[in-house]
Amino acid sequence: MNRRRFIKMSTATALTIAASTMDGLPGGAGLFRKARAETAVGKATGSMGAKETTSVCEMCFWRCPIVAKVTDGRLTKIEGNPKSPVNGTRVCARGNSGVQLLYDPDRIKYPMKRVGARGEGKWAKISWDEALGEIAHNMETVKKKYGPHALAYFDHGASAENLREIFMATGTENYTSEPAFFQCVGPAALAYLETLGYIATGTRQYNDMAHAKAILLVGSHIGENVHVSHVREFIEGLSQGAKLVVVDPRLSMAAGKATIHLPIRPGTDNALLLAWINYVIQNNLYNKAFVANTCEGFDRLKEEVKGYSLEWAAKICDLKPDGMKAAIELLAKASPNVNIHPGRHATWYGKGDVGRHQLYAILSALFGAVGVPGGLYFPTSVKVGHVECVEQKSKQVAPIEKSLKDIYPYSAMFGTPTADVIKAMVTGKPYPIKLLGVNGVNIMQTIPDPYETMKAIKNLDFIFCEEIMAGETAIWSDIILPEAVYLERYDGVYAYEGLTPYITVRQPVLPPMYEAKSPYWIAANLAKRLKVEGFPYKDDKAYVDDQLAAADLSIDKLNREGGLVTLKGNPYREGKDLKIGTDSGKIKLAVEAFADEDLDAIPKFEPTPAPPKGYTRLIYGRSPVHTFTRTMNNLWLNHEVPENFLWLNDTVAGKLGIKNDETVRLENQDGKRSTPIKVLVTPGIRPDAVYMAHGFGSQSPLLTRAYGKGAADGFLMTNTIADPFMGATSKRTNFVKIVKGDTVLDIPEIVPLPEEIPRAGRQVQAG
Amino acid sequence: MADPHPFYFLSSAFTYPEYREPRPPVAVLLSLAHDLGLTGLPLETHESFALQQLQAEYVRLFVNAPGGVPSPPYASVYIQGKGILKQQGYEQAMAFYGRAGLEPAETSECEDHIGHELAFIGHLLDHGQFELLDEFVAGHVMAWSPHFFQRLKTADPAYFYLILGQVAELCINHLIQKEGLR
Ligand code: SF4
């Protein structure tokens, strides 16, 4: 071997190397040092002999307690925390894939600034100092120039709270416009709050499927929408013999297990529910003692629903009266241990969404299925301290002449409606919004009408995000902050108030990779630059410990207990223990406060316009291995379900000459086209609707390894109807045709439309 | 003894460009390319060496890009087709460093980064640890770097990174062919 022959470096090269190393080049020999201890890497394989740390999953918002196994400084496996009464050692496919999220080469690694046009996705790496300085400077400049309300914050998830406090300290009224509320659960939360006095469905759902004798699901597709304990309770209920009624235009996974499946015409659920309520009253199927002792407004309810017969509803809903009758009798027979599932994603049709959930709550009350096994139950209050990092007195909303919270009577209690914030960004009315902070929200796919969102962003002076993956939000941001993955950080305390209450904490399994930082660190350091007083803790751990102190716990104490302590539950209540949290102390079968706002105290049937001629309604749902739009890029989950399919009724497909697996596009009522999507031809969906799982197929050619795989429902949602209670925006008010090759195909109408249901115009106006 | 400096230089060039003045590293790279007989190089433009261009391109190629990083510079991503960080490729690299009595100094990077591995080759040459060098290059570096260089090439990189990829690949190949490594 003649090693001398290796690369005969010229004198020029040698000289320039010498010059360049003097020029502050990083890297090179300085990357290593003498080992201080014997390197242990490579001795163990898999999770054998791993160090175990308990924590909390955040691959979806359900937050299952977990144990993370770390071998030689590397996360090797995630399992459920065996001490957890809700999931035990189980996690779902996404929970397992936390390993992949942590180690995704596409995670945001450093603070970055935009160096191309907005939406181009061209970035340079910058320091934390520069990134936070830039954000603080822009927040101050925009506030000075346009006033505090020109600042807005779109937030979601556990990591959003710390930064929200900073926005609150600026005096803006737009410190929370959570799409997860205004584009999802809002109408349901309000309906239960006003009817039963507590939010029976939100991030948590207090419905006891495991002990139910019968379960009603309206459009809820448990099993396709996976939350471990939720699915377990559902399966437990069914395995114990619970009967199941599913109302769904589609043979969903849950409908496939149903005793009775009612494939309802989309948009007519309230007709069915009103007719059922009337039937229950007329046939004395309601729980008289419960209604007399616990409810108010029964006589008014009886009067208002008396016109809604099963026969009438059968025509509206395109169902058979016998099936409807059998279903309600089956549910009534199980009373009071009947589970009228409260649903979660409620923003379907705009008008009538609060009403639909009000009707579920009324049905639960009529059956006496509140505070009993199998019905809705009450959360057990778990004592943990609520810690605010910025004092309340520093978080006052600045005076405002025309508030975005005044447009709808019920938005103020929850935030500013996302759609109205976007409108203000586009029009400058009622006041300009010029700066947006985004945390944990895919702004293009979560908010309907992304075309309007793009317009809004282009009008901003500044937009920044705190993110984990370089997705659509990052592409549009001026500054991008790398947030630590949930496995690398502390978050608030998790107090589960369900059937089997417990306290647990999220804690870091490993230190943050690259230059990612925890939400607490980011907010605390931004606060310093903005001279916002607060964030008094020396670190994130002290912040969490302070919250645990109220429960006489600390992180160390909790860890000695296996990371989780269980508490005694108090879910079922009767007699004097049954206290209803409404102002009257009664369940409100009629909500008079709604009438005071010119809204219906008891929902009336108002038909949702049917598709225009030649169109069909677009409905959507979830994939069991994905969370919203967040996981499509996850290598493991992408491998399992890389794309979505368009469910198309077999008769319609036959008439259109479309075969199973054929690739088509969709065109909506406003001429917006989807990316290509493969068709699943099936008798398992009605002819007047098509279905796809949400979250796939971004239209941005720049985005994700999943680009070109399936279609995005959000990009077809350009017609939204505002819910009149809070300004939540509808998502099922969009209609599509199928595009085969270059030909746009009219969808044949197989089921005739009754005259009571109007047809939407082709160019549907926002209502 | 073979000169470790080209490898130290390449290691530096594969880290984020924060030079006060980008001309010297560009000059070294072109000089090295010339030494290695790299011909048919496309004509460079002044803009392609502007620091901001280099930084944006570095981020696109190796850190974050909207469509996914086209050429992640980590052994772990390629070895056994894992596609993610800190898997077998990472374990292997760390084990080799340990065998040389080294550990990576604290940086924010993953230690199986191409920059680390090139610097390690430099170190082994520097210290005459040829048996280990042989094992490291043949048993580890060659298991992933050709795939990495290929992905870099197809990512349509800006001039500096196009040349850098080619020069680094040639240097490793020279090491094998001319030095009689396996
Ligand atoms: S349901 Fe799955 S993804 Fe959601 S928290 Fe539980 S394990 Fe994680």
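Let's start in chain B, with a cluster of rings. F14(B), Y16(B), Y58(B), F62(B), Y78(B), W144(B), F148(B), F149(B), F160(B) and Y161(B) are joined into a cluster by ring pairs. Keep in mind that this is a predicted model.

How many aromatic pairs are there over all chains? The count is 43. A pair of aromatic rings is described by the distance of the centres and the angle of the planes.

Take F96(B) and F136(B). F96(B) belongs to helix α5 of chain B, residues 88–99, and F136(B) to helix α7 of chain B, residues 130–154. The pair therefore ties together parts that are 40 residues apart in sequence. Are these two buried or exposed? F96(B) is buried, at 11% relative accessibility. F136(B) is buried too, at 0%.

Now back to two members of the cluster, F160(B) and Y161(B). They pair edge-to-face, with 5.0 Å between centres and 85 degrees between planes. F160(B) is buried at 1% relative accessibility. Y161(B) is buried at 0%.

On to chain A, and charges over rings. K125(A) places its charged end over the ring of Y110(A), 4.1 Å from the ring centre. R356(A) lies over the face of W348(A), and here the distance to the ring centre is 3.8 Å.

Next, helices in chain A. Helix α10 of chain A covers residues 298–305, and its buried residues are F298(A), L301(A) and V305(A). Why do they line one face of the helix? Seen down the axis of α10(A), these buried residues fall within an arc of 60 degrees, so they share one face. An α-helix has 3.6 residues a turn, so residues three or four places apart point the same way.

What do the buried residues of α10(A) pack against? The partners in chain A are α8 (269–282), α9 (288–294), β11 (295–296) and α13 (353–366).

Then a helix pair. Two packed helices are described by the angle between their axes and the distance between the axes. Helix α11 (residues 310–317) and helix α12 (residues 321–333) of chain A pack at about 115 degrees, and their axes are 9 Å apart. The crossing of α11(A) and α12(A) is right-handed. From α11(A) come L310(A), A313(A) and A314(A); they meet P321(A), M324(A) and K325(A) of α12(A).

Now the loops of chain A. Two cis peptide bonds to look at. One joins S335(A) and P336(A), with omega about 5 degrees. P336(A) is in the loop between α12 and β12 (338–340) of chain A. Another joins K429(A) and P430(A), with omega about 0 degrees. P430(A) is in the loop between α14 (418–427) and β13 (435–439) of chain A.

Positive phi comes next. F535(A) is not a glycine, yet its phi is about 50 degrees. This residue lies between α17 (519–530) and α18 (540–549) of chain A, in the loop. F535(A) is buried, at 8% relative accessibility. D552(A) is not a glycine either, and its phi is about 55 degrees. D552(A) sits in the loop between α18 and α19 (555–560) of chain A. D552(A) is exposed, with a relative accessible area of 57%.

Last stop: N634(A). Its place is the loop between β20 (616–621) and α21 (635–640) of chain A. N634(A) is buried at 4% relative accessibility. The C-alpha atoms of N634(A) and G98(A) are 9.1 Å apart, while 536 residues separate them along the chain.

Definitions and conventions. Residues numbered from 1 in each chain as written. Chains lettered and ligands numbered in written order. Predicted model: local features only at pLDDT ≥ 70, side-chain atom pairs only at ≥ 80, totals over all residues. Heavy atoms only, no water. Phe/Tyr/Trp six-rings, centres within 6.5 Å; stacked < 30°, edge-to-face > 60°. Helix = DSSP H or I, 4+ residues; strand = E, 2+ residues; numbered from the N terminus. Buried < 20%, exposed > 50% of the residue type's maximum accessible area, 1.4 Å probe, protein only. Lys NZ or Arg CZ within 6 Å of the ring centre and 35° of its normal. Arc of directions from axis to C-beta. Contact = heavy atoms within 4.5 Å. Axes fitted to C-alpha atoms, helices over the stretch in contact; angles between N-to-C directions. Left-handed = near helix turned anticlockwise from the far one by under 90°.
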